[in-house]
Amino acid sequence: MSTACFARVTEELARGWMSLAGAIGGHSVITYLISTFGTPEQRERYLPKMADGSIRATMALTEPGGGSDLQAMRTHAVPDGDGWSITGSKTWISNAAHSGLIGLLCITDRDAKPAHRGMSVLLVEPGDGLTISKKLPKLGYRGIEACELIFDAMRVPGHAVLGGTPHQGWPQMMRGLEVGRIQVASRAVGVGQAALDAAVRYAQERESFGKPIWQHQSVGNLLADMATKIRAARLLTLDAAERLDAGQRADMEAGMAKLFASEAAMQVALDAVRVHGGYGYSKEFDVERYFRDAPLMIVGEGTNEIQRNVIAAQLIARNKI
Ligand SMILES: Cc1cc2nc3c(=O)[nH]c(=O)nc-3n(C[C@H](O)[C@H](O)[C@H](O)COP(=O)(O)OP(=O)(O)OC[C@H]3O[C@@H](n4cnc5c(N)ncnc54)[C@H](O)[C@@H]3O)c2cc1C
């Protein structure tokens, strides 16, 4: 399907349950990487099973020492006979406990300068030499686990390198993250829409001072602002998706969509709590969950501060004087 269609499907899943949409987040980035850069053998081996769900994939970038500064990563693979031996650790890896395939970004040439020229994506099937930690406790997004991965001289075959040629991992993963950021933006739109729907419903049911609360101008204005933000977020997201579908570079647009949609979702989730008064703080109402799920989209797939860096760099690159 097109990325725009994928964004709409993701939004709809997240409107019901953000964790469900999250479970196919990293999975779809790895699917995109294999279908775009994979060898015919890699496509044949993984894509049919990833499509029917018998293989769940996870994307492993973040390390305990940092997720934003990926060039400082330490996890590395060294040639070992006809394969590679991987050592290091990754953290906050979604889907890890049930993963049948890990798309691992790691260093394969430690002498490369800058470091990103020596990175590869390895397609790792869990096995000996890999330990997956128990679930990391977290604020929200609890329908899907996040774990630590520890690689202790884990051996993988030579054909595990995405596309077959080592040291191409950075540009491959940066392209994949365009899809990932559109997916996260779509999740934010879905959570925001769910929070807005709940607030619009509740504002008509709940009465104070003899009228439905939406008729109090402060509450009506809140609803108007919430709806406007979510509509703008959806349009930005679809715009980024269409640009990617047109084969154009879309990192700036995907970054804008992810930045705007996630901040909008957080604000709209908070405002939905506000509209619900005390009940918004109750676990009996879904808005409490939206409020706990929304922050993940601000942090995940590159924090919003990193998105601003990407947007600014592209603004200058595309408008050089
Ligand atoms: C629930 C959950 C699921 C996740 N799933 C995955 C996953 O499946 N795969 C995966 O690889 N990762 C995953 N992550 C990790 C996530 O991508 C990282 O947490 C994120 O990239 C930030 O990295 P960090 O936590 O190390 O923060 P840091 O990089 O330490 O950043 C800390 C703060 O400093 C700011 N900062 C850092 N550098 C800069 C800079 N240059 N300019 C401006 N501000 C800066 C950041 O924006 C942030 O506010 C997940 C995280 C969570 C919470």
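Biologist: Which residues does Met226 touch, not counting residues up to four places away in sequence?

Modeller: Met226 touches Ala195, Leu196, Ala199, Val268, Asp271 and Ala272, where contact means heavy atoms within 4.5 Å. This is a predicted model, in which local features need pLDDT of at least 70 and side-chain atom pairs count only at pLDDT 80 or more, while totals for chains, interfaces and linings use all residues. Residues are numbered from 1 along each chain as its sequence is written, and side-chain values use heavy atoms, with hydrogens and water left out.

Biologist: And in the largest nonpolar core, which residues touch the most other members?

Modeller: Ile182, Met226, Val275 and Tyr290 do, out of 49 residues in that core. A nonpolar core is a set of buried Ala, Val, Leu, Ile, Met, Phe, Trp, Tyr and Cys residues joined through side-chain atoms within 4.5 Å, and buried means under 20% relative accessible area, exposed over 50% and partly exposed in between, with a 1.4 Å probe and protein chains only.

Biologist: Which helix gives the largest share of this core?

Modeller: H5 does, with 14 residues. Helices are DSSP runs of H or I with at least four residues, numbered from the N terminus. Apart from this core lies another, of 23 residues, including Ile30 and Tyr46.

Biologist: Changing topic, how do H3 and H4 pack?

Modeller: H3 and helix H4 (residues 40-52) pack at an angle of about 150 degrees, with their axes 10 Å apart; axes are lines fitted to C-alpha atoms, for helices over the stretch in contact, and angles run from 0 to 180 degrees between N-to-C directions. The two helices are therefore roughly antiparallel to each other, a label for angles over 145 degrees, whereas those under 35 count as roughly parallel, 65 to 115 as roughly perpendicular and the rest as oblique.

Biologist: What makes the contact between them?

Modeller: His27, Ile30, Thr31, Ile34 and Ser35 of H3 meet Gln42, Arg43, Tyr46, Leu47 and Met50 of H4. In H3, the buried residues include His27, Ile30 and Ile34.

Biologist: Back to helix H1, is Thr10 buried or exposed?

Modeller: Thr10, which is found in helix H1, is buried, with a relative accessible area of 0%. Leaving aside neighbours within four places in sequence, Thr10 is in contact with Ala21, Gln183, Ser186 and Arg187.

Biologist: How far apart are Thr3 and Gln183?

Modeller: Thr3 and Gln183 are 180 residues apart in sequence and 8.9 Å apart in space, C-alpha to C-alpha. Thr3 is also buried, with a relative accessible area of 10%.
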